[in-house]
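Trainee: I have a protein model open and I would like to learn how to read it. Could you go through some features with me?

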Amino acid sequence: MSRQAEMSLRVKCGGMKSGNGLRADRSGVTGDGADTGRSAGRHTEGGRAAGRTALLALGRTEALLESSGSCGAPEGTMVVSVRSWVANEGGKHLVLMLWLGGNTWLFMNTFLLYSTGQQYHYLYKMLGLGLCISRASASVLNLNCSLVLLPMCRSLLTFVRGTHAVSSRKTRRLLDKSKTFHVACGVAICVFSVVHVSAHLVNVVNFSVSYSDDFPALNLARYRGEDPKMIILIPGITGVLLVLILFLMFTSSSYCIRVSNYEIFWYTHNLFIIFYIILMVHMVGGALKYQTNIEAHPPGCLRANQSSTEQQGEDLEQREDEEGRCREDAHFQPHYPQTWLWVSGPLCLYCVERFYRYIRSSDPVTIVTVVRHPCDVIELRMLKKNFKARPGQYIVLNCPGVSSFENHPFTLTTIECVFTCFIVTNCLLFNSSQCPTENKETFGIHLRVVGDWTGGFKHTHSLGLLLYFCPRCIFRLYVDGPFGSPSEEVFNYDVSLCVAGGIGVTPFACVLHALLDGWTGFRLQRLYFVWVCRELQSFYWFAELLCALHHKLWQENRPDYFNLKLYISQTDGLQSMSEEKYRPLSSRLLVGRPKWKLLLDEIGKSNKHKRVGVFCCGPKGISRTLHRLCNSARSSGTTFEFNKESFC
């Protein structure tokens with residue numbers, strides 16, 4: 001079988017064909033029609049050398065086409081569609097505006113309270129704007145310290161997503177932005193913490209410089225001109241600790257640290273427990289005080305033992321009236337701590353959810369199968385009591401053999417009912433006594449070894465041969481979940497486009513399994529699937545699944561239901577999927593990267609005036625390009641609603 005027959009490469013940009021009948025398609029979404037696999041086997045073995053030469057030539061030609069931009073208008077020049085922008089960004093920006101409005105109102109209301117409120121008259125005269133800014137920023141911090149916990153209540157969000165009360169797709173899509181809202185609240189906490197600390201540094205200086213002889217109870221300093229460094233109470237010490245924890249959490253949350261060393265991000269983020277404990281006692285010191293007897297001592301009234309001569313002339317004559325005189329000395333009282341009123345509700349809710357998740361994940365799972373795939377990918381098939389999941393959901397995995405405290409999210413790739421036992425998989429043996437009984441639901445994940453945790457996990461499970469001789473040597477795994485994700489919405493569109501980059505294919509593998517298993521009752525009428533990989537071997541992760549789904553739809557006379565495109569971006573040492581059983585994939589294997597604008601335009605022409613769900617899990621470059629294109633205007637009237645996986 002010749003290579004040109006096994007890899008029918010199409011390039012839409014100029015209809016260019018090679019001398020050996022090879023085509024290269026740089027855009028192409030075409031139906032899975034009669035061209036599928038029909039060209040295979042038409043050439044002799046003598047065409048292998050010519051095919052190999054043609055493939056390399058096509059790779060170089062495609063690179064030139066892409067660099068010259070001769071395939072049409074560049075993807076960067078586009079007009080934003082109001083309808084598409086509202087569909088993709090409207091709800092998110094509405095929530096953002098409400099959140100910003102709430103923060104602004106709270107800041108201004110607190111600022112005016114401390115600047116014009118009679119109970120803070122004398123304190124404001126002593127501290128000035130530093131008092132107003134410090135208290136206003138504290139109110140914003142209280143709000144965001146309570147809101148930042150809600151998006152992390154994963155079980156609650158999954159429950160809300162699955163209830164019939166949330167029937168709107170727009171509402172469910174807003175739940176997918178929970179991580180973005182969490183980040184926004186975290187940034188607000190960091191910014192206003194800087195404002196709060198800066199304002200209090202000014203206040204400490206003013207306590208020393210503006211020492212009040214008339215109202216000693218207001219003073220934080222012991223005498224006028226005291227060194228501000230010595231004016232340190234409980235709020236000062238706890239404030240320094242809170243800032244230090246925030247600094248560690250904020251810096252370790254950067255993308256480069258999360259990618260290079262996820263463990264640092266994980267451990268520093270769990271400092272939030274200490275953060276909230278310190279936050280509860282931050283206001284115990286009572287540094288700021290308010291006046292309690294405003295009626296008996298109106299602010300600015302003339303005292304019997306007035307020590308200052310500020311009031312003269314008409315002001316002095318007016319104060320001499322009975323109504324202008326103070327009936328008693330001013331009394332001051334420290335503020336009652338209010339932070340717990342803001343934080344206690346969300347914090348209790350989060351603690352209850354974590355306790356529920358701990359109970360749910362306490363039972364270890366049974367490892368049914370461990371399969372090693374090419375490119376350092378491990379597939380795990382597991383069994384757990386009362387585990388129920390939907391396609392597109394993910395789990396959080398804990399392996400005490402690697403780390404007792406680290407938990408990592410992985411998308412489910414298989415959910416199926418097992419009737420037989422799995423014993424041997426790729427040289428990893430498991431004792432037959434550990435096989436599941438009949439009619440048990442198993443679930444699986446694919447994980448790629450890219451860091452310390454996955455590297456340790458691979459090393460741990462490389463000892464699988466010992467399990468045959470030592471049944472008690474099973475490495476314990478704990479599974480928390482499942483949790484909802486944007487990929488659940490694939491079935492809720494008439495037309496969906498799934499775009500995967502490398503291991504980002506995992507959210508859609510479970511969707512394909514559901515189609516293969518004959519799921520019914522969903523809305524989906526057509527599915528476009530685009531998978532981009534650097535190496536040809538990556539496609540073998542789910543090659544059998546893709547071929548099985550292709551044959552199933554052909555047998556059901558629905559070849560256009562599933563439109564598949566595979567792209568290999570690395571042309572060095574290019575080979576083909578030569579196995580006979582992978583012929584449906586070899587005819588859809590394209591060289592180079594997709595031309596996303598042409599791809600979406602062609603989908604739009606085939607589905608005019610429809611809403612197409614676009615689901616992406618892959619590198620940021622692909623995600624940003626698709627997001628930008630989904631907001632652009634199209635003559636077909638098609639609206640593309642962009643959905644991105646949060647754990648990719």
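Trainee: What counts as a helix here, and how is its length judged?

Mentor: Helices (H or I, at least four residues) and strands (E, at least two) are DSSP runs, numbered from the N terminus. The expected span of a helix is 1.5 Å times one less than its number of residues. Helix α14 covers residues 339–361, which is 23 residues. From first C-alpha to last, α14 reaches 32 Å, close to the 33 Å expected.

Trainee: Before we go on, what should I know about the numbering and the values?

Mentor: Residues are numbered from 1 along each chain as its sequence is written, and side-chain values use heavy atoms, leaving out hydrogens and water. Because the model is predicted, local features need pLDDT of at least 70 and side-chain atom pairs count only at pLDDT 80 or more, while totals for chains, interfaces and linings use all residues.

Trainee: Which residues of α14 are buried?

Mentor: Buried means under 20% relative accessible area, exposed over 50%, and partly exposed in between (1.4 Å probe, protein chains only). An α-helix has 3.6 residues a turn, so residues three or four places apart point the same way. With that idea in mind, look at the buried residues of α14: Thr339, Val343, Pro346, Leu347, Tyr350, Glu353, Arg357 and Ser361.

Trainee: What covers those buried residues?

Mentor: Think of contacts here, meaning heavy atoms within 4.5 Å. The cover includes α5 (129–147), α6 (154–162), α12 (272–280) and β10 (478–483).

Trainee: Arg357 is on that buried list. Which residue forms a salt bridge with Arg357?

Mentor: A salt bridge is a side-chain nitrogen of Lys or Arg within 4 Å of a carboxyl oxygen of Asp or Glu. Arg357 has Asp480 as its partner, with the closest N and O atoms 2.6 Å apart. Asp480 lies in strand β10 and Arg357 in helix α14, so the pair ties together parts that are 123 residues apart in sequence. Both Asp480 and Arg357 are buried.

Trainee: How many salt bridges does a search of the whole structure find?

Mentor: The search finds 17. One of them pairs Glu488 with Arg161, and their closest N and O atoms are 3.8 Å apart. Glu488 sits in the loop between β10 and β11 (495–501) and Arg161 in helix α6, so this pair ties together parts that are 327 residues apart in sequence. Glu488 is buried at a relative accessible area of 10%, and Arg161 is buried at 8%. Another salt bridge joins the side chains of Arg381 and Glu379 (2.8 Å, N to O), and both of these residues are buried. Salt bridges that share partners also link Arg161, Arg172, Asp176, Arg390, Glu488 and Glu489 into one network.

Trainee: Let's turn to strands. Which strands are joined to β11 by bridges?

Mentor: Two strands pair if DSSP finds at least two bridges between them. Strand β11 is joined by 7 bridges to β12 (residues 526–533), and the two run parallel. There, Cys498 has Phe529 as its bridge partner, and Leu497 stands opposite Tyr528. Another 6 bridges join β11 to β15 (residues 611–617), also parallel, where Leu497 stands opposite Val614. Moving on from β12, 7 bridges join it to β13 (residues 562–568), running parallel, with Val530 opposite Lys565.

Trainee: Are the faces of β11 covered or exposed?

Mentor: Both faces are covered. Val495, Leu497, Val499 and Gly501 are buried on one side, and Ser496, Cys498 and Ala500 on the other. In β12, 7 of its 8 residues are buried.

Trainee: How many helices and strands does the protein chain have, and what percentage of its residues are buried?

Mentor: The chain has 21 helices and 16 strands. Buried residues make up 49% of its 648 residues. Of the contacts with a separation of 6 or more, 78% come from residues 24 or more positions apart.
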